[in-house]
Amino acid sequence: MTPPASHAAHHPALAAEDPELAALIDAEERLQADTLRLIPSENYVSSAVLEASGTVLQNKYSEGYPGRRYYEGQQHIDPVERLAVARAKAVFGAEHANVQPYSGSPANLAVYLAFAEPGDTVMGMALPMGGHLTHGWGVSATGKWFRGVQYGVRRDTGLVDLDEVRDLALRERPKLIFCGGTALPRTIDFEAFAGIAREAGAVLVADIAHIAGLVAGGAHPSPVPHADVISTTTHKTLRGPRGAMLLSREEHAKAIDKAVFPGLQGGPHNQTTAAIAVALHEASRDSFRDYAHAIVANARALADALLARGFDLVSGGTDNHLILMDLTSKDVPGKIAAKALDRAGIVVNHNTVPFDPRKPFDPSGIRIGTPSLTSRGLGTEHMEAVADWIDRGVAAGRGGDEEALAKIRAEVADLMAAHPAPGLPTI
Ligand SMILES: *Cc1c(COP(=O)(O)O)cnc(C)c1O
């Protein structure tokens, strides 16, 4: 069977060897090109990042660190990792960087291994309040092997109550305090968290997985002067490959490096390290500062346009890239809305909202964000249209109006065609 021309053009060897798989990747490329992707943890990496992550670096084993490896043949791998580390330190102004964690969850596990013992008390934001599984939530290894105590947001403001955090920390004396999360639409007060951690004798871990690109681009305050350890993924707003980094002051360098390898992982994924280096190179540019600020400007404009259409937003709006919509007043569950929007070519995820009366697998909200659409060059002038599509899509989802959803899908595809995404083939 001759593969379709487009597969052969994008991935000639793959299309020849495995047309079935090539067709699936081709379809995914089409989907990413045609749809309005609003999942706040996703993005479009550049062609340069994609190329670096698909290289022969993937053929190498490199357990250890540059200059201290357990394998020979590291002549070119060592400088790749050194470059990634140097760029990470420069972009974030950190004294130490470890670029080897396979992803955000293992990076956080390495922090536990470095600073706590099983059974120790750790503190983080509760998952249904916007925290992450790995901040000590019960179903996660971190909640099973450690004693997780959890803070939340205030019911009236939707904001973290720092007095509550302080009281809890002083009462429970956790070894680790995590700040940051996956559904937080507001700025994190790293300085206040650092003060609380100091008072409680805890290690402060700032998990900036979602906002690393905003921090790098100066669109969110940096945790670097305040937190003992900074954990981040590299694939969300930072717009790099799927991976993670741990940043810290020099005093914690040894503990962190030992925890990542040999404590938790084997060989680093060198192709990912290379792509992280490329992403950090891109993040050091003035154009990335513009990108980071445009993400926030777009999110603010989108939040305003949604508020004007009667949507309830947790905390009343956003300071960053993310908007958490409570659909209770629209009388449609988050999952039904999310699935309807998906049929309309708008990709979001259903999400719990703080104090959600519904179950986690069928919650009241949806979570949206602007990193991907900003990567395509959409600006504040487009956010009225985006809000309008969401409004019409949610209403059509409630009413089961498939015709309306198909009409939105066509309108979305038109705007997407006019704003090609980075890294995607243009045919
Ligand atoms: C995404 C995320 C993680 C986990 O990253 P994975 O790469 O999915 O393991 C950890 N912490 C926070 C706050 C996140 O948003």
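This is a guided tour of the structure above, stop by stop.

The structure is a predicted model, in which local features need pLDDT of at least 70, side-chain atom pairs count only at pLDDT 80 or more, and totals for chains, interfaces and linings use all residues. Residues are numbered from 1 along each chain as its sequence is written, and side-chain values use heavy atoms, with hydrogens and water left out.

**Stop 1: a surface patch**

Select Leu21, Leu24 and Ile25, which form a nonpolar patch on the surface with about 240 Å² of accessible area together. A patch is made of residues with over 30% relative accessible area and no salt bridge, like charges being joined within 9 Å and nonpolar side chains (Val, Leu, Ile, Met, Phe, Trp, Tyr) within 5 Å. Accessible areas come from the Shrake-Rupley method with a 1.4 Å probe, and for residues only the protein chains shown count as cover. Leu24 belongs to helix H3, residues 19-34. Helices (H or I, at least four residues) and strands (E, at least two) are DSSP runs numbered from the N terminus. Leu24 counts as exposed because its relative accessibility is 56%. The terms are set as follows: buried is under 20% relative accessible area, exposed is over 50%, and partly exposed lies in between (1.4 Å probe, protein chains only).

**Stop 2: the largest pocket**

Next, select Gln32, Val45, Leu50, Gly423 and Leu424, which lie nearest the centre of the largest pocket among its 28 lining residues. The elements that give two or more residues to this lining are H3 and helix H4 (47-53). H4 supplies the largest share, 5 residues. The space in the largest pocket is about 830 Å³. On a 1 Å grid over the protein atoms alone, a pocket is an open set of points with protein on both sides within 12 Å along at least five of seven lines, a cavity is a set of points where a 1.4 Å probe fits but cannot get out, and lining residues have an atom within 4 Å of a point. Grid points are joined across faces, edges and corners, and a volume is the space filled by probe spheres set on the points. By class, the lining of the largest pocket holds 10 nonpolar, 12 polar and 6 charged residues. Here Ala, Val, Leu, Ile, Met, Phe, Trp, Tyr, Cys and Pro count as nonpolar, Asp, Glu, Lys and Arg as charged, and the others, Gly among them, as polar.

**Stop 3: the second largest pocket**

Move to Leu127, Pro128, Thr182, Asn351 and Thr352, nearest the centre of the second largest pocket, which has 20 lining residues. This pocket contains about 380 Å³ of space. Strand E14 (residues 349-351) gives the largest share of its lining, 3 residues. The lining comprises 9 nonpolar, 8 polar and 3 charged residues.

**Stop 4: the largest cavity**

The count comes to 2 cavities of 30 Å³ or more. For the largest cavity, select Gly181, Leu184, Ile188, His210 and Ile211, which lie nearest its centre among 13 lining residues. The largest cavity has about 70 Å³ of space, and its lining divides into 5 nonpolar, 6 polar and 2 charged residues.

**Stop 5**

Select Ile276 in helix H12, residues 270-283. Ile276 is buried, at 1% relative accessible area. Then select Val215 in helix H10, residues 212-216; Val215 is buried, at 10% relative accessible area.

**Stop 6: salt bridges**

The whole structure has 19 salt bridges, each a side-chain nitrogen of Lys or Arg within 4 Å of a carboxyl oxygen of Asp or Glu. Select Arg147 and Glu172, whose closest N and O atoms are 2.7 Å apart in a salt bridge. Arg147 lies in strand E6 (residues 147-151) and Glu172 in helix H8 (residues 162-172), so this pair ties together parts 25 residues apart in sequence. Arg147 is partly exposed at 39% relative accessibility, as is Glu172 at 22%.

Continue to Asp156 and Arg154, a salt bridge with closest N and O atoms 2.8 Å apart. Asp156 is exposed, at 57%, whereas Arg154 is partly exposed, at 37%.

Finish with Glu402 and Arg343, a salt bridge at 2.9 Å between the closest N and O atoms. Glu402 in helix H17 (residues 402-418) and Arg343 in helix H14 (residues 334-343) are 59 residues apart, so the pair links distant parts of the chain.
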